Structures are given as structure tokens and as C-alpha cells.
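Hello,

Here is the structure I promised to pass on. My notes follow below it.

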Amino acid sequence: MSFLTPYAGLVSLLVLLPLAAFVVGEGARRRVTALLRLPEGGRARSAVIGTAVTVLAALLGLAATQPTLVRQTQEHVRTDAEVWFVLDTSLSMAASERLGSPSRFARSQALAERLRNELKEVPVGLGSITDRAMPHLFPTADRATFVATLRRSMGIERPPPSDGFSVLITALGSLSRLASDNFFSPSATRRLMVVFTDGETKPFVDRSLATLFQRPPGVKTIFVRVWKSDEHVYAGGAPDRLYHPDPRGGAYLRALASATGGHAYGENEFGRIVETARRDLGHGPTSVVAREQKRLAMAPWIAALTFVPLGFLLWRRNV
């Protein structure tokens, strides 16, 4: 349990003044009763009222501290390895077999989430690529943050490409940014980039890719082609006549994998993707990280309990 505002509990001390006044008044009443030789009574009543006021003050003070039950788990996280998942968010990734069926991008999201679950100990980041590579989430072991970013922050043309309204936008050659622009932590000596794309890219020739990705400590690559030949991009409920699936994407990805010393797979080869990723990452040292799983605010429940002594005091006032 943790207290979000522990010093707010001092509000319960405000009850000391009226409670002291109540005690002084009770003492005066007893002295007058003794002088007049009246029957002594009401001590039990006074004690009950004092207790009710004290309990009310204690509950209000406790509620003011905002007690919160926190459930935490411990995870072992690799300290020498990081992975980047890069999803193609160009318009062609909106293609699907039928209107309403899962798009290439939706299938990429599902594959990325499945692969993240297989690499539990390794921090994973998220990036997107259109005509440029953009980071969305730097490598983290927090699965909830990963899923929230993947499902809520990433989408087709989010952000939009900077290259106007060209039909063919994706430039896979811009993936070199991941190897050259410090996307990985300096402590990460095992580095892996997994790209989910349809491979429909602008032709490129970049002989520096091999140098960039193989420069120590090196970045291993896996290219996953999410593509079917009979898919269409739908606009207004009808196939977009400007879009035509490009069958050359597979060859482009194989050439890119060869240039970077990596591997290229189809979306239905998930087992091989996992096997290659684990082999590329190998084994390494881990550290224990406490991960918050769930929070339960207790203040509303405690505040509700204050109605019990308060209701009792109001009732006694009218008796």
C-alpha cells in the first residue's frame, strides 16, 4: 500500500479543537451536576459521542492521504539486448482481401504483439516507416506501454509521409536511421530490428547499408513480408483503381536482408521468425525490475465509511 498525499492526513488534527471543547464542556456539566446534587448520568453517552467524533476524524484523515493498493510483479529484463519493431504505415498497408477483412497493417500489429510475447525478457521499441523511419516508443520491458503504443498511437499514415501524394511512398532504405541515429542504448550489444512490411518500396541502391548494420556491435535484421497478391486498398467501399499489388516486394526484401546480413520471411512463418529472433539475441545478463500491475484507490471507500459515525452523531443529536 502507498499513500499519494501522506501529509494530508494532518487534516484529522483539526478535530482536536472541537473534541477539546467537548471534553471541557463535559467536565463543566459534571461539576454543575455535582453541585446541584442531581443524578449522574450520560457518561456512556458522552463516551460514545467522543468515540464517534474521533473515528470520523480518523477516517477523514486516512481518506485524505489517498491510500492506494499497488500490485507489483518482478521481471527479469535483459541488460545487454534491445529490439526494434518497425511497422510499415504507408497507405498500401491498408490493403485487404475483402472490405472489412484484416488489413496488412492489422496483421502486422497482431504479429508484432505475438512476437513481443515471445521475447519477454528483452526491451522492445516501436517505430514506423513510410518515406522515413520514425520512433514511437524506445525499447522498454513494459508490455502494457508497448501494447498501448502499438494499438492506439500507430496507424496508417500516422504520421503522414513527407513525400507528397505519390502512389509509391515506402522507402525501406531509410531504415538505415536505426543503425546510425542512436536508436539503441549504448549498453545494448545484442541488437535486432524486425520490420513488418508489404515490401512495396521505392527501388533503392544503398551500398552503405551493409557497413551501417554490420558496424560493431552490429544490428541483426528480420524482414517479415505481410502481403497477398489478391489484396486491394478500399476507398469509399470500392477498390482504389490507382493501387495495384507489387509482386516485386519479396525480391526487394530478400535483397535488403542479404545486404544487412539478415533474414526475410513471410507472415505465415511465425515459428521461424521467433527461432531466428531468439538466435540473434542469444543469452545475456538480466536485472530484476519491479513492474506495477494494478492500482486500487481506497480513498472513495474510506470516505464512504465516514457516513457511519456521521450518521450516528446526527441521530444522537435528535434523540
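A helix's expected span is 1.5 Å times one less than its number of residues. Keep that in mind for α7. Note also that this is a predicted model.

Helix α7 covers residues 249-260, 12 residues in all. From first C-alpha to last, α7 reaches 17 Å, close to the 16 Å expected.

Which residues of α7 are buried? They are Gly249, Gly250, Tyr252, Leu253, Leu256, Ala257 and Thr260. Their arc around the axis is only 160°, so they sit on the same side of α7. Arg254 and Ser258 are exposed, on the face turned away from that buried side.

Just after the helix, Gly261 takes a positive phi of about 70°.

Now the cores. The largest nonpolar core has 30 residues. Val83, Phe85, Leu87, Leu115, Val194 and Phe196 touch the most other members. Elements giving two or more residues to this core are β3 (81-88), α3 (104-118), β4 (124-129), α4 (143-153), β6, β7 and α8 (270-281). The largest share, five residues, comes from α8.

Take Val194. Leaving out residues up to four places away in sequence, Val194 touches Val83, Trp84, Phe85, Val86, Leu115, Ile222 and Val224.

Best wishes

Note on methods. Residues are numbered from 1 along each chain as its sequence is written. This is a predicted model: local features need pLDDT of at least 70, side-chain atom pairs count only at pLDDT 80 or more; totals for chains, interfaces and linings use all residues. Side-chain values use heavy atoms; hydrogens and water are left out. Helices (H or I, at least four residues) and strands (E, at least two) are DSSP runs, numbered from the N terminus. Buried means under 20% relative accessible area, exposed over 50%, partly exposed in between (1.4 Å probe, protein chains only). The arc is that of the directions from the helix axis to the C-beta atoms. A nonpolar core is a set of buried Ala, Val, Leu, Ile, Met, Phe, Trp, Tyr and Cys residues joined through side-chain atoms within 4.5 Å. Contact means heavy atoms within 4.5 Å.
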